[in-house]
Amino acid sequence: MVKVREDHPITHEGYIDLEAWLKRLKLRRERGQMALLRRAAELVLGHQEALTPTGASTAAQGLEMAEILADLGLDTDTLVAAVMYNTVAAGAILPEVVEKELGPAIAKLVQGVDEMEAIRSLHSKKAASKFDSAQQVDRLRKMILAMVDDARVVLIKLAEWTCVLRAVKYLDEDERIKAARVTMDIYAPLANRLGIGQIKWELEDLAFRYLQPEQYKHIAKSLDERRLDRERYIKAVVATLETELDKNAITGYEVKGRAKHIYSIWRKMTRKGVGFDEIYDVRAVRVLVQDIRDCYGVLGIVHSLWQHIPREFDDYIATPKENGYQSLHTAVIGPEGKAVEVQIRTFQMHSDSELGVAAHWRYKEGRKDEGAAAYESKIAWLRQVLEWQEDVTDARELMDNLRQEVVEERVYVFTPTGDVVDLPLGATPIDFAYHVHTDVGHRCRGAKVHGRIVPLTYHLKTGEQVEILTTRQGTPSRDWLNPHLGFVKSTRARSKIHHWFRQQARDQNIIDGRALLDKELARLSISHVDFEALAKKFNYQQADDLYAGLGAGDMRITQVTNAAQEQTETGKPKEEQIPAVRAKTKMSRSRDDVVVMGVGNLLTQFAQCCKPVPGDAIMGYISLGRGVTVHRADCAHVLRAQEQRPERLVEVEWGTAGISHYLVDIAIRSHDRQGLLRDITTVLADCHVNVTGSSTYVNRATAISEMILTLEIDSLNQLSRVLAQISRLPNVIEARRKM
């Protein structure tokens with residue numbers, strides 16, 4: 001259920017009662033720390049007229065944020081920064097005043113929280129017009145740096161957003177929905193990743209209430225209707241458990257009922273496709289004990305008392321969740337034949353699950369005990385973000401990467417020494433190698449999973465043990481950056497590869513980039529490209545800059561080939577254009593995918609000599625009795641007609657409707673071997689490409705195989721992917737589009 005807090009204490013004059021508020025915090029702090037907190041509250045209460053974007057008083061919201069953080073056990077500096085943040089953000093108090101009155105440490109925390117506001121700026125519909133890309137990147141980088149430098153900044157931001165989400169209930173529906181979506185997209189997963197269940201549950205319940213009010217009300221009503229019966233039932237279960245724990249000499253325990261959160265209930269109903277009555281953990285108890293041994297002892301007692309429900313047991317102590325959460329979860333058929341969930345954990349585990357990284361803030365001040373390791377592991381992912389964010393130049397890509405690191409599903413694999421590595425879903429051995437160490441990634445040439453050699457494009461699965469095979473002096477391959485080949489999934493690995501290529505000499509990058517582009521354009525049979533114009537399309541001054549960008553990995557080859565493809569749609573450069581007769585007084589759409597310019601109501605067909613597909617520059621040839629035959633603009637027949645029959649050439653262009661497939665001939669040259677055709681057809685099947693014709697010739701003297709395949713292709717992008725994957729097959733010398 002959504003947690004509703006008391007309003008701030010008010011004096012007879014209608015103002016916030018500072019003394020009553022300080023007393024309500026129930027803080028045990030030194031006199032100087034309390035004086036600092038009092039001074040901050042006095043500063044903001046002097047500006048109660050300042051308002052937040054939701055219309056709340058910045059002073060009142062600052063005090064509310066401090067209460068949330070006090071419940072998490074945060075230090076005085078964090079509470080003071082929370083009190084000050086909204087009033088400073090509103091411009092009522094200058095940052096210089098904060099530093100002078102409260103000290104540089106407080107000012108730095110306030111500044112860090114303000115820089116995290118970049119998250120919301122990218123969610124705004126007006127973000128594109130309000131900020132240019134460079135400004136967005138700069139703000140996001142500052143945000144990430146602040147997060148990594150001091151995790152308390154993130155906690156203040158989470159407390160602030162909790163207050164925002166409580167306050168938007170007074171605003172219109174659009175504002176509520178927008179705030180709820182940002183919550184589900186960023187803030188709730190962020191709280192979950194830091195293990196702060198106390199904030200996560202409230203954020204999710206409030207957001208769910210705004211996004212799906214009917215479902216929320218239905219579940220809330222169902223809970224209320226059964227509340228008295230449930231409370232009576234839970235008291236009986238707790239009493240039975242306490243009796244048995246005493247009999248078995250379990251000491252220092254605590255047993256209590258556990259409230260199930262509405263969003264959690266709805267998610268389980270949706271995931272399992274069941275109704276409210278079939279949710280086992282609506283009736284739930286939690287047992288807290290002193291140590292792990294007692295956890296398993298209590299589990300045995302619970303299972304001896306009541307029948308265990310199959311497939312409803314999770315051991316998160318042996319295998320903790322990604323955010324460090326540990327507990328035993330079991331469901332049993334309790335008294336009266338009703339299902340009950342029982343959670344069993346130590347007091348320390350419970351503190352960690354509710355407070356997460358906040359429970360370990362003090363270890364950052366220099367203590368070196370077990371808690372220090374726990375703290376570092378909980379914010380290690382923030383430090384990983386720092387490692388790749390410097391290499392990202394596009395604000396939207398940076399936002400997508402941040403969302404991926406926070407939200408995306410994960411896989412967990414083991415190193416040969418038994419360490420667990422956390423990777424994004426779909427990660428490959430190369431991602432694993434770069435996670436272990438940048439140098440291991442650069443020198444990676446193979447991988448073993450459970451002792452069996454796998455390709456570098458293999459998708460790792462949770463529980464697998466991975467070993468990387470390296471060379472002594474290896475370097476990354478440019479193919480790893482080709483998205484069609486599927487070598488790399490994680491942002492970390494891709495940024496490390498980009499960085500390596502950027503460090504190479506510019507001259508070599510120009511050579512490599514030119515070779516890479518020429519190879520890809522030749523493979524796709526894209527010709528007559530104006531490279532200077534193409535470079536300017538990507539804001540480069542000249543073609544060499546474009547080649548250097550490709551060679552360094554700053555540009556993806558698919559971006560450039562797609563732009564080259566679009567350029568050829570408009571025809572060749574003027575000095576090379578075909579001087580055909582082109583009357584543009586009328587237009588006919590003779591079939592959905594081709595528009596004929598200048599001549600109406602003509603039959604069209606695609607030429608079998610060059611087999612054009614969408615994206616190719618095309619030209620029509622008026623044939624006798626067969627309407628207009630559509631050729632590629634660089635087809636030999638068109639070039640011959642340019643000289644001999646220019647009056648029969650007519651301009652055509654691709655329409656908007658398109659057809660599902662186009663026939664394309666590809667040529668494959670390879671060293672002959674057994675199973676080659678099988679491997680090629682496997683690639684085509686994986687790419688969902690149909691083969692309509694084939695011919696093969698093998699030169700017995702040289703053992704070179706020449707294969708021509710006719711494929712049904714829906715776009716040049718798909719053709720590029722097919723050719724790239726066939727080129728990677730063993731013994732294949734070349735795979736290209738047939739001219």
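The chat below covers a helix, a sheet and the nonpolar cores.

A: First, the ground rules: this is a predicted model, where local features need pLDDT of at least 70, side-chain atom pairs count only at pLDDT 80 or more, and totals for chains, interfaces and linings use all residues. Residues are numbered from 1 along each chain as its sequence is written, and side-chain values use heavy atoms, leaving out hydrogens and water.

Q: Which residues of helix 16 are buried?

A: Asp294, Cys295, Val298, Leu299, Ile301 and Val302. Buried means under 20% relative accessible area, exposed over 50%, partly exposed in between (1.4 Å probe, protein chains only). Helices (H or I, at least four residues) and strands (E, at least two) are DSSP runs, numbered from the N terminus.

Q: Why are they on the same side of helix 16?

A: Because they cover an arc of only 165 degrees around the axis. The arc is taken from the directions from the helix axis to the C-beta atoms.

Q: What does the face turned away carry?

A: Exposed residues Arg293 and Ser304.

Q: New topic. What is the strand order in the open sheet of four?

A: It runs 13-15-14-16, with mixed pairing. Strands pair if DSSP finds at least two bridges between them. Strand 13 (604-606) and strand 16 (649-650) are the edges.

Q: And which residue is the bridge partner of Gly620?

A: Val650, in strand 16.

Q: Which residues touch the most other members in the largest nonpolar core?

A: Trp21, Leu69, Met84, Leu158 and Leu165, out of 64 residues. A nonpolar core is a set of buried Ala, Val, Leu, Ile, Met, Phe, Trp, Tyr and Cys residues joined through side-chain atoms within 4.5 Å. Helix 10 (residues 152-167) gives the largest share, ten residues.
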